[in-house]
Amino acid sequence: MPTRGDLREPRSYLDEGGWPAGRLVADAPDVVKYALVISRRLAAALPPRHQSAIAADTQMARSTLNDLLSGRRIPDLVSIVKLEGRLRTRLWPTRREVARLD
C-alpha cells in the first residue's frame with residue numbers, strides 16, 4: 001500500500017472521464033477509491049453556490065473544499081467529519097461501496 005507521500009493527485013488515477021464521475025484505472029489504490037466516492041457524495045450534497053458558506057462554516061479554506069471536489073487532494077478525517085456534520089450527510093463509504101469500483 002502506498003504511503004501518503006507516494007500518492008499522486010487522486011484525479012491522476014482516472015482511466016476515463018473527469019473527476020468525480022470518471023472511472024479509475026484498475027490498479028488505483030484503495031485510498032483513491034475512497035476519495036472518489038467521498039467526492040461524489042460531497043458534490044451531490046453541496047450546491048456550488050454554497051461552497052464558500054460551507055467552507056466558512058467548517059473552518060476550511062474554500063481552496064481545500066475545491067481540491068476535494070476536483071480530485072486534487074485526498075480528504076483527511078477532520079475535513080470529512082466537519083463536512084458530514086455540517087451537511088448532515090454521510091460522506092465516508094462502506095468497504096462494499098468501494099469494492100464496487102473494482
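I began with Arg41, which counts as partly exposed at 21% relative accessibility, because buried means under 20% relative accessible area, exposed over 50% and partly exposed in between (1.4 Å probe, protein chains only). I kept in mind that this is a predicted model, where local features need pLDDT of at least 70, side-chain atom pairs count only at pLDDT 80 or more, and totals for chains, interfaces and linings use all residues. Residues are numbered from 1 along each chain as its sequence is written, and side-chain values use heavy atoms, with hydrogens and water left out.

**Entry 1: Arg41.** I found Arg41 in helix H1 (residues 30-45); helices (H or I, at least four residues) are DSSP runs, numbered from the N terminus. Not counting residues up to four places away in sequence, Arg41 touches Arg90, Leu91, Trp92, Pro93 and Glu97, contact being heavy atoms within 4.5 Å.

**Entry 2: rings.** How many aromatic pairs does the structure hold? I noted one aromatic pair. Tyr34 and Trp92 form this tilted pair, at 5.1 Å centre to centre and 35° between the planes. Rings of Phe, Tyr and Trp (its six-membered ring) pair if their centres lie within 6.5 Å; planes under 30 degrees apart count as stacked, over 60 as edge-to-face and the rest as tilted. The pair links distant parts of the chain, with Tyr34 in helix H1 and Trp92 in the loop between helix H4 (77-87) and helix H5 (95-99), 58 residues apart. Tyr34 is buried at 16% relative accessible area, whereas Trp92 is partly exposed at 38%.

**Entry 3: Thr58.** Next I looked at the loop between helix H2 (51-57) and helix H3 (62-70), where Thr58 lies. Is Thr58 buried or exposed? Thr58 is buried, with a relative accessible area of 4%. A polar atom of the Thr58 side chain lies 3.2 Å from the backbone oxygen of Ala55. Leaving aside neighbours within four places in sequence, Thr58 is in contact with Lys82, Leu83 and Arg86.

How values were computed. Helices (H or I, at least four residues) and strands (E, at least two) are DSSP runs, numbered from the N terminus. A polar contact is a pair of N or O atoms within 3.5 Å; within protein, one must be able to donate a hydrogen and the other to accept it, and residues adjacent in sequence count only if both atoms are side-chain atoms.
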